[in-house]
Amino acid sequence: MSTQERKQREQAVRERLIVATARELAEQQGWDAVTTRRLAERIEYSQPVLYSHFRGKREIIGAVALQGATEMAAAMRAATSAENDPRARVTALARAYLDFAAHHPAVYDALFQLDGGLTYAQEDTPEPLKDAFAALMESLSEVAGDGVDPGLFTEVFWASLHGLATLTRAGRLLPEYAELRVQLLVDRLAVI
């Protein structure tokens, strides 16, 4: 292995450590607790080392968001892959999305609430974000209905899921209706 390859490998390891530590700290204490000083202390590197990988917290949030998008896409695909019926697939998709949001609140915030410097719904949208949207659309396109653009339908369904996830986390919705909300969403929006 060349010196250059070793340095690149070490840099990749440090970047993964920074992202993992930021994510862990955010999940434990919230994103306000994630500072470059705290990260440097936790990973036992100097702040300049952190800045050699990320220009600041915004880029770290973006890295967590991209990692989270990959994980969310995998979770949705895993949940829907076992279902043959379109209604069951869409229901599994909705549950997987809401479960991901509930179990990974800091990652969900990095994806959809905080400024990570990422572009959405544009040509230059990073691939992990495009893939997460594609994971939604794979199941939703078949239930969009005649004459309805699958991408537009996916946006509306996704917005509904996001609203449910956000309002549930904020304690604005009664917990006993969680499953009924998923069924109502599937029954009223999906044309099956």
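Trainee: Where does Ala121 lie?
Mentor: Ala121 lies in the loop between α6 and α7. Helices here are DSSP runs of H or I with at least four residues, strands are runs of E with at least two, and both are numbered from the N terminus. This is a predicted model, in which local features need pLDDT of at least 70, side-chain atom pairs count only at pLDDT 80 or more, and totals for chains, interfaces and linings use all residues. Residues are numbered from 1 along each chain as its sequence is written, and side-chain values use heavy atoms, with hydrogens and water left out.

Trainee: Is Ala121 buried or exposed?
Mentor: Ala121 counts as exposed, at 70% relative accessibility. The cut-offs are under 20% relative accessible area for buried, over 50% for exposed, and partly exposed in between, with a 1.4 Å probe and protein chains only.

Trainee: What about phi of Ala121?
Mentor: Phi of Ala121 is near 55°, a positive value in a residue other than glycine. Glu44 also has a positive phi, of about 60°, and is not a glycine. Glu44 sits in the loop between α2 and α3 (47–53), and with a relative accessible area of 71% Glu44 is exposed.

Trainee: What counts as a pocket, and as a lining residue?
Mentor: On a 1 Å grid over the protein atoms alone, a pocket is an open set of points with protein on both sides within 12 Å along at least five of seven lines, where a 1.4 Å probe fits; lining residues have an atom within 4 Å of a point. The points are joined across faces, edges and corners, and the volume is the space filled by probe spheres set on them.

Trainee: Which helices supply the lining of the largest pocket?
Mentor: At least two residues each come from α4 (57–81), α6 (105–112), α7 (127–140) and α8 (150–169). The largest share, 5 residues, is from α7. By class, the lining has 12 nonpolar, 2 polar and 2 charged residues. Nonpolar here covers Ala, Val, Leu, Ile, Met, Phe, Trp, Tyr, Cys and Pro, charged covers Asp, Glu, Lys and Arg, and the others, Gly among them, are polar.

Trainee: And how does the second largest pocket's lining divide by class?
Mentor: Into 7 nonpolar, 2 polar and 5 charged residues. The second largest pocket holds about 250 Å³ of space. Its 14 lining residues include Leu98, Asp99, Thr168, Ala178 and Val182, which lie nearest its centre. Two or more residues of this lining come from each of α5 (86–103), α8 and α9 (178–189), with α5 giving the most, 6 residues.

Trainee: Back to α6. How many of its residues are buried?
Mentor: In α6, 6 of 8 residues are buried, so this helix is mostly covered. The buried ones are Ala106, Val107, Tyr108, Asp109, Ala110 and Leu111.

Trainee: What covers them?
Mentor: The cover includes α1 (3–29), α4, α5, α7 and α8.

Trainee: What about the largest nonpolar core: which residues touch the most other members?
Mentor: Trp31, Met76, Tyr97, Leu140, Phe157 and Leu161, out of 51 residues. The elements giving two or more residues to this core are α1, α2 (36–43), α4, α5, α6, α7, α8 and α9, and the largest share, 9 residues, is from α4. A nonpolar core is a set of buried Ala, Val, Leu, Ile, Met, Phe, Trp, Tyr and Cys residues joined through side-chain atoms within 4.5 Å.

Trainee: What is Leu140 in contact with?
Mentor: Beyond its neighbours within four places in sequence, Leu140 is in contact with Val90, Leu93, Phe153, Thr154 and Phe157.

Trainee: Overall, how many helices and strands are there?
Mentor: The protein has 9 helices and 0 strands. Of its 192 residues, 36% are buried. The C-alpha trace spans about 55 × 40 × 30 Å along its principal axes.

Notes: Contact means heavy atoms within 4.5 Å.
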